[in-house]
Amino acid sequence: MDDTALRERVAALVGEATAGEVAAADVLAGDSLIALGVDSLALLRLVDAIELEYGVEVDLNGGPPLDTLDDLVALLTATGPAGG
């Protein structure tokens, strides 16, 4: 999966995790997920979706910060996403 497709898919997952309250287009713009309205419950849903789809383990306690789309893509790129 190329970087653009990965970014678009992760942005879509953010939209799904927030039940459509945060648009994928807004996520793609690069703002902070928290600033966009991603709350703690949505973040947990997002992490679960990423773990299931890409076969990676996301550490919210002590891992790298996951506040932007770039952070999420960097995590998946570093761990070699298996899904897609």
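This is a predicted model: local features need pLDDT of at least 70, side-chain atom pairs count only at pLDDT 80 or more; totals for chains, interfaces and linings use all residues.

Reply: Residues are numbered from 1 along each chain as its sequence is written, and side-chain values use heavy atoms, with hydrogens and water left out.

Start with the chain as a whole. The protein chain has 5 helices and 0 strands; helices (H or I, at least four residues) and strands (E, at least two) are DSSP runs, numbered from the N terminus. The radius of gyration is 11 Å, close to the 12 Å that the globule rule gives for 84 residues, so the chain is as compact as a globular protein of that length. This radius is taken over C-alpha atoms, and the rule is 2.2 Å times the number of residues to the power 0.38. Along its principal axes, the C-alpha trace spans about 30 × 30 × 20 Å.

Now the part in question, helix α5, which covers residues 69-79. Its buried residues are L69, L72, V73, L75 and L76. Buried means under 20% relative accessible area, exposed means over 50%, and partly exposed is in between (1.4 Å probe, protein chains only). Seen down the axis of α5, the buried residues fall within an arc of 155°, so they line one face of the helix. The arc is that of the directions from the helix axis to the C-beta atoms. On the face turned away from the buried side, α5 carries the exposed residues T77 and A78.

What covers the buried face? The cover of the buried residues of α5 includes α1 (3-17), α2 (24-28), α3 (33-36) and α4. For the whole chain, buried residues make up 32% of the 84 residues.

Next, the two ends of α5. T68 is found in the loop between α4 and α5. T68 counts as buried because its relative accessibility is 18%. Leaving aside residues up to four places away in sequence, T68 touches G30, D31, S32 and L33, where contact means heavy atoms within 4.5 Å. At the other end, α5 is followed by G80, whose phi is positive, near 70°.

The structure holds 3 salt bridges. In one of them R7 pairs with D70, and the closest N and O atoms are 2.5 Å apart. R7 lies in helix α1 and D70 in helix α5, so the pair ties together parts that are 63 residues apart in sequence. D70 counts as partly exposed because its relative accessibility is 45%.

Helix α1 has a further link, this time to α4. R9 forms a salt bridge with E53, with the closest N and O atoms 2.8 Å apart. Since R9 lies in α1 and E53 in α4, this pair ties together parts that are 44 residues apart in sequence. Salt bridges that share partners join R9, E16 and E53 into one network. Between E16 and R9, the closest N and O atoms are 3.3 Å apart.

Technical notes: A salt bridge is a side-chain nitrogen of Lys or Arg within 4 Å of a carboxyl oxygen of Asp or Glu.
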